[in-house]
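Colleague: I have a chain open in the viewer and would like to talk it through. Could you show it here before we start?

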Amino acid sequence: MEKSEWKVSLHGGHSGEFCDHAEATLREMLEAAVRAGYDTFGVSEHVPRHEARFLYPEEVAMGWDIPKIHADFARYTAHLQELVPEFEGRISVLRGLEMEIVPSAKYVSLMQDFRNQKLADGSPAFDYAVGSVHYVDEVQIDAAPASYLLAVEACGGIEALAVRYYELVAEMALALRPEVVGHLDLIKRNLTLAGFGDFSLQTPKIQAAAESAMEAVRSVGAILDLNTAGWRKGLGEPYPAPPLVQRAHAMGIGFCFGDDSHRPSDVGAGVPEAREYLLRCGVPTVTVLNREGAVMDARTVQRVVVL
Ligand SMILES: [Zn+2]
Ligand SMILES: [Zn+2]
């Protein structure tokens, strides 16, 4: 595929080496990113969870535990440093991580510790972070519909769940100040599967909560992830939905693509379509991240690129 400046993904590159629900090696993911014609590919592996109650059922079934996933993430952090220079000249690889909001009581300091990790020479281990909300009050909303239903019950209804979700997005953005906020309206993912196919997320209360979340995103200067996984999950649209894209754009918030890749076939998938989607929503640019200076004492800066 032809290389273009707007072909940038800042969310994805999960690999089977470091993530239970991904496939292939990180090097294979980066080779796929070169083939997809990306100018810049941000790798954002999941920060490991800190308590056994947050292990995924698949991880438990494989006998994984908290020390194992922490050791995997340490290997990821080290391996990423080797791959950046290896791919230099073919693709710019940004070193990232995807932060979580569990456990509620102490995620902020735990995530900041990961975000601020240093390498042996004292330089920063990461160029940027994606901040994502996959849990509402510690109940996962991004996995099985059964778990989503537990979250609905805990909040006292679907509308209350959506409002609470956006409150947590706002809280996360202000507390963690990530460079990128992941899949802004992830709360829609399980709506139909959990039996709420007729429910509209456009109620005044939900819109107000989403608006506050976007205010928080803007106030910390973060970019929104135009995440193509929505198409892969059968939602018929990416994250976020058109009204949110239009509102965020009117508020002055920038977008960047995220293929949310978990295997080589996901890499680059939906990005040309996402470009068309942004243009249809009236967004003529993407905001990309660039590493300035040498890798080891780099600063990450935003740059606006015309679509
Ligand atoms: Zn994942
Ligand atoms: Zn995510």
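Modeller: This is a predicted model. Of the contacts in the chain with a separation of 6 or more, 76% are between residues 24 or more positions apart.

Colleague: How many helices and strands does the chain have?

Modeller: The secondary structure comprises ten helices and eleven strands.

Colleague: How does the radius of gyration sit against a compact globule?

Modeller: A compact globule of 307 residues would have a radius of gyration near 19 Å, and the chain has 18 Å, so the two agree. Along the principal axes, the C-alpha atoms fill a box of roughly 50 × 45 × 35 Å.

Colleague: What share of the residues is buried?

Modeller: Buried residues account for 44% of the 307 in the chain. The largest nonpolar core has 85 residues, and Val169 and Cys256 have the most contacts inside it.

Colleague: Which helix gives the most to this core?

Modeller: That is helix α6, residues 158–176, which contributes eleven residues.

Colleague: And what does Val169 touch, leaving out residues up to four places away in sequence?

Modeller: Val169 is in contact with Val133, Val181, Leu184 and Ala213.

Colleague: Turning to Val288, is it buried or exposed?

Modeller: Val288 is buried, because 26 other C-beta atoms lie within 10 Å, and 20 or more is the cut-off. This residue is found in strand β10, residues 285–292.

Notes. Residues numbered from 1 in each chain as written. Chains lettered and ligands numbered in written order. Predicted model: local features only at pLDDT ≥ 70, side-chain atom pairs only at ≥ 80, totals over all residues. Core = buried A, V, L, I, M, F, W, Y, C linked by C-beta atoms within 7 Å. Buried ≥ 20, exposed ≤ 12 C-beta atoms within 10 Å, placed from the backbone. Helix = DSSP H or I, 4+ residues; strand = E, 2+ residues; numbered from the N terminus. Contact = placed C-beta atoms within 7 Å. Rg over C-alpha atoms; globule rule 2.2 N^0.38 Å.
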